[in-house]
Amino acid sequence: MLEQILSILPQVIFDGLVLGFVYAMVALGYTMVYGVLELINFAHSEIFMIGAVVGVEVFRYLAPQVPSGFLLLLIALLLGGALAGGTAILVERFAYRPLRKRGTTNRLVPLITAIGVSFILQDLVRLIEGLWHNEFFLRMRTVEDLEGSFELFGGAIFVQTKSLILIAVSMVMLVGLTYLVNRTKLGVAIRAVAQDLSTASLMGIDPDRIISRTFLIGGSLGGVAGVLFALQYTTVNATWASCPASRPSPPPSWAGSATSPGPCWGAWCSASWKTSSAPTCPS
Amino acid sequence: MAFTLGLQRSGNTLGLIGLVGILVALTTLPRIPTWVRVLLGLAILLLSVPIAGFANTFVFELGIQIGIYAAMALGLNVVVGMAGLLDLGYAAFFAVGAYTWAIFGSEQARNFMRGHFPLPGEYMYLFMGIAVVTTALTGLLIGLPALRLRGDYLAIVTLGLGEVVRILANNLDHPINFTNGPQGITPVMRPPIDGFRSLMAHLGVRLDQTTDYQLFFYLLVLLMIGLVVLVNVNLANSRFGRAWVAIREDEVAARSMGIPLLPTKLLAFMTGAAFSGVMGVIFAAQRTFVSPESFTLLASITILAMVILGGMGSIPGAILGAAALTILNLDVLKTFSEFVRTSFPQIPSQVDPAKYERLVFGLILVLMMIFRPEGLIPERRHRSEMEEA
């Protein structure tokens, strides 16, 4: 029994690491919004799902035209990030901003709105996919270039090429985000709004614009994570995201709300737990 | 032909909405003498609805569903509306109540106990009492760790624990089969209704095999709602009700006035849970079938949407919210999709309005929060708070 567990352990840890990168990117979107608005953005799981659906659609339509799988993935990542970020901005503009303008102090009001938005987005995507392809379960098209695998440590770990791509892309995104938040003017403004919205606005920062940008950044991160998730795990549907993406929602709360590496550690813990418990207990 | 069918169905729908409208007007309009309210209300609930039900049994089904959801909305109203604790896992208590009777009122209990199972149907009344205890205990178990948190943290924790209950129900079919897993438990015993039949025969009402249980459960649910409203009104005006509202308004101030926070919140949680548990027993017996699918996050959010639509903290509001959403869900959307299907047959079946209840609930939640956060029939204190903010 113990030997069996030990023999699958390296694989489980590696799978957990890969899934953890996806969760980390999603969790960062939650945390950034929580940082500036103190709102658990339930709709973020749907932003993530929109990224995944866009990835599937790009692969479906452009795979015959685009010669290189890597170029195709790049297009999918850009489009997925852009559309998901755009949706996040729209959600902020039309659902959360009116509440903020009215100055509601009740914490339940934005939270319930977020749940409502999450449901609306789920069914909108389902409706669009239903009208477009009459499909509910979407499958990512496989592309030759991106399918490959090798074994490490004498077969202890089975590695797919796309897992490596996933890790590389998310590393770039996470490093980029760290640079953006810590070194740029926009990052300073975001941190200022997160610390104290009214004081920040006295210092010449337009909070609405910064909040909108925060949603854009968090949303695009979520969208890119969605495309990578679809690439790695291949099946997607409109309502599924609220399960995997509500799992990263605890980590931001464990790790505090600042834009820090905290949520990443939370995400890796919960992802490793998930992959390691999956073989033994069905969910 | 299809068009007349559509007209007939929408006629039914309009009639139902009209009935609910009259009931709402009776409870909310000022300057109607109390005896007119009571008399008209009872006449509608005890005469018009059953008469319509004999013509079309769907009305009974609708009435029972509205009743079950209304009682649960009233229970959640205690937790969310009065005490201000956002509970996103409320369906868990409904599940505990339903499974309490389903396990012992079917052959399921033979898997782990000796004795004569299923228990005879009369035991359902006893189990309504037992369900109060089991769900209140579940409320205590979930509440003890969760209620130390506030606001959104509490919401996330209750969401998680609510899912835990559903997943337990889904997976407790091995090693010992308690819940029969995803297949669910069926058949669950119903109480025998010979006495009820003869009573109705004395009153000159003829019942047949399809309507007798429907009428019985309809009246049972009405009775339960009456009880629940009575308890609710008395609670709202009691020491506990005032303590809950105080906690909702300002936790720190309430504490400094000597209200013990955790016990008071726990009491709200357990009271809400108990309402839901009793209705769970009735739900299990009425459908004779229980499966984990009925207790998903969507069910919890549906009940929450009812409370919010009616107005947090308002008793007539919770009932109105339950009626409106249930009619919307079971009748209006179905009628509309039938209309779409017959008028535009080229549209794929994936795009069936009846399948888009989430979209409708989401829109209701968002629009209510933006334009009327105090609800359709707001509670007095809540309205002033929302306007002030």
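**Figure 1. Burial and element order in chain A.** Of the 283 residues of chain A, 47% count as buried. Buried means that 20 or more other C-beta atoms lie within 10 Å of the residue's own; exposed means 12 or fewer, partly exposed is in between, and C-beta atoms are placed from the backbone. This is a predicted model: local features need pLDDT of at least 70, side-chain atom pairs count only at pLDDT 80 or more, and totals for chains, interfaces and linings use all residues. Residues are numbered from 1 along each chain as its sequence is written, while chains are lettered from A and ligands numbered from 1 in the order in which they are written. Chain A holds 10 helices and 4 strands. These are DSSP runs numbered from the N terminus: helices are H or I with at least four residues, strands are E with at least two. From the N terminus, the order is α-α-α-α-β-β-β-α-α-α-α-β-α-α. Take contacts in chain A between residues at least 6 apart in sequence: 77% of them join residues at least 24 apart. A contact needs C-beta atoms, placed from the backbone, within 7 Å.

**Figure 2. Helix α5 of chain A and its cover.** Helix α5 (residues 161-183) of chain A has 23 residues and should span 33 Å at 1.5 Å a residue; its end C-alpha atoms are 33 Å apart, which agrees. The expected span is 1.5 Å times one less than the number of residues. Which residues of α5(A) are buried? They are A:K162, A:S163, A:L166, A:V169, A:S170, A:M173 and A:V181. An α-helix has 3.6 residues a turn, so residues three or four places apart point the same way. The cover over the buried residues of α5(A) includes α1 (2-37), α3 (69-102), β3 (157-160), α6 (185-195) and α8 (207-233) of chain A.

**Figure 3. Overall build of chain B.** Chain B has 15 helices and 0 strands. Its radius of gyration is 21 Å, close to the 21 Å that the globule rule gives for 389 residues, so chain B is as compact as a globular protein of that length. The radius is taken over C-alpha atoms; the rule is 2.2 Å times the number of residues to the power 0.38. The C-alpha atoms of chain B fill a box of roughly 65 × 60 × 50 Å along the principal axes. Buried residues make up 44% of the 389.

**Figure 4. Where two domains of chain B touch.** The domain assignment, automatic or from a database, gives domain 1 (1-56) and domain 2 (58-308) of chain B. Across the boundary, 7 residues of domain 1 of chain B are in contact with 8 residues of domain 2 of chain B.
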